[in-house]
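Reader: Hey, I've got a structure open and I'm a bit lost in it. Could you walk me through some parts of it?

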Amino acid sequence: MILKNAKLYGQEGRWNIGVKGEQIKTITPHTSQNETSDVNVIDLQGKIVLPPYVEPHIHLDYALTAGTPRWNQSGSVFEGIEIWSERKQIANETKDDIKKRALKAIKMQLKHGIQHVRTHVDVSDPKLRGLEALLEVKEEIKPWMDLQLVALPQEGLYTKSDGEELLIKALEMGADVVGGIPHYELTREDGVQSVLKALELAVKYDKLVDIHCDEIDDDQSRYIEVLAGESLKLGMGDRVTASHTTAMASYSNAYTYKLFQTLRKAKIHFVALPKANLHLQGRFDNYPTRRGLTRVKELLNEGINVCFGLDSIMDPWYPLGDGNLMDVVDTGLHACHMTDHDHIVTALNLITTNGAKALGIEEGYGIKEGNKANLIVIDSDSEYEAIRTQATVLYSIRNGKVMVETKPAETTIDVPGLLW
Ligand code: FE2
């Protein structure tokens, strides 16, 4: 297959991408002289080709459960946890029920050009049904999507009496990443201990770490300094991710200045979840209401890796979402005051290469000769316009085969006599 007349994301010129089997074989300049009679040619007419989108933070085992058994009236993180806990007790879902919901959500993600996903999975359920379901989904979906599973002690590692035991069991069953939720533990000390335990288990079982960290509007919630400081001491920073860190929006600048020194040295990754946290945070404020997002622009300015994720598709924490990361980018650029030209034209890094770094999948990721032919084509010939128009994913190609194709909508306007 040849993808001719392509624009490569972030590069000038037009290119022909030759795909043989599952690999990108050649990338050569497109000229009128090298037209080919090969029947298996897709003329991209200058549209942008880029590596597949990376969703670094979603909860597939929670997907499509919003409103059952009840809606989250306060819109807070903590009511979400309460509702989920109630639901587990009464819904009595089987592994197959959970798989069905997760696969429906994955279908939405595939449609939107995502091929790499890190999903957190609740391991507070003594039967670990969510993990069993997602381990099977991971294997079944492998030809089309790479899935990483985070063992998340959703009800607290120490708040729940068997939390630690279940987390260890989950890691032994095959979860890829150790999770945590220190701001939900009963005491500050338990929170600190949960972070230390996550790092200890990651070293012991050779896993990555991704902590739901400081997802609260409390300027005293400072588990990020524990996570970054201890990761630095252990020398495992690039294997560690901090998700949410919304309390950072409430820290004083003086404390943040000192914190950033540690973050720079530690090299941990950050996942910001703009849609979910604009919805969940600031719920206990009068006016002005905090945006409750981590300091995305400032972290990026310091050379710290930040990526964007969606977090939820219709669950007790967030009632909307259909897997679309371009929509997350749009919201995030606005909410983080990143609507200047330079941030707009590089915004797709937040859902491609930056996400790949956080997931530790950089090797083999990207549009390069010799890499797997995993790529997407979006309906725009400029990086700026792609963001302005929230360009649709026209093709998602996996292992050299077209997996998803979307025809752009066609609109006719019958308004004669105007100079358009
Ligand atoms: Fe989350």
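Reader: What do the side chains of Glu385 and Arg388 do together?

Author: They meet in a salt bridge, at 2.9 Å from N to O. A salt bridge here is a side-chain nitrogen of Lys or Arg within 4 Å of a carboxyl oxygen of Asp or Glu. Keep in mind that this is a predicted model, where local features need pLDDT of at least 70 and side-chain atom pairs count only at pLDDT 80 or more, while totals for chains, interfaces and linings use all residues. Residues are numbered from 1 along each chain as its sequence is written, and side-chain values use heavy atoms, with hydrogens and water left out.

Reader: Ok! How far apart are Glu385 and Arg388 in helix 13?

Author: They are 3 residues apart in helix 13 (residues 383-388), so about one helical turn separates them. An α-helix has 3.6 residues a turn, so residues three or four places apart point the same way. Helices (H or I, at least four residues) and strands (E, at least two) are DSSP runs, numbered from the N terminus.

Reader: And is Arg388 buried or exposed?

Author: Arg388 is exposed at 57% relative accessibility, and Glu385 is partly exposed at 28%. The cut-offs: buried is under 20% relative accessible area, exposed is over 50%, and partly exposed is in between (1.4 Å probe, protein chains only).

Reader: How many salt bridges does a search of the whole structure find?

Author: It finds 29. One of them joins Lys88 and Glu155, whose closest N and O atoms are 2.5 Å apart. That pair links distant parts of the chain, 67 residues apart: Lys88 is in helix 1 (residues 77-91), and Glu155 is in the loop between strand 8 (146-152) and helix 4 (163-173).

Reader: Are those two buried or exposed?

Author: Lys88 is buried at 18% relative accessibility, and Glu155 is buried too, at 16%.

Reader: What else is in helix 1 that's buried?

Author: The buried residues include Val77, Gly80, Ile81, Trp84 and Arg87. Among the elements covering the buried residues of helix 1 are helix 2 (95-111), strand 7 (114-122), helix 3 (129-141) and helix 8 (274-280). Helix 1 has 15 residues and spans 21 Å from its first C-alpha to its last, close to the 21 Å expected at 1.5 Å a residue. That expected span is 1.5 Å times one less than the number of residues. Just after helix 1, Asn92 has a positive phi of about 50°.

Reader: Switching topics: which residues are the protein donors of the iron ion?

Author: His57 (NE2), His59 (NE2), His212 (NE2) and Asp311 (OD), lying 2.2 to 2.4 Å from the iron ion. Donors are N, O and S atoms within 2.8 Å of the metal (3.2 Å for Na, K and Ca); water is not among the atoms, so sites may look incomplete. The spacing of the donor residues in sequence is H-x1-H-x152-H-x98-D. His59, in the loop between strand 6 (53-58) and helix 1, and His212, in strand 10 (residues 208-213), are 153 residues apart, so this pair links distant parts of the chain. Both His59 and His212 are buried.

Reader: Why is the arrangement around the iron ion irregular?

Author: Because the 4 donor atoms subtend angles of 83 to 176°. Four donors count as tetrahedral if all angles lie between 85 and 135 degrees; four count as square planar and six as octahedral if opposite donors are over 155 degrees apart and all others between 65 and 115; anything else is irregular.

Reader: What is Gln115 in contact with, leaving aside neighbours within four places in sequence?

Author: Its contacts include Pro52, Tyr53, Trp144, Asn374 and Met403. Contact means heavy atoms within 4.5 Å.
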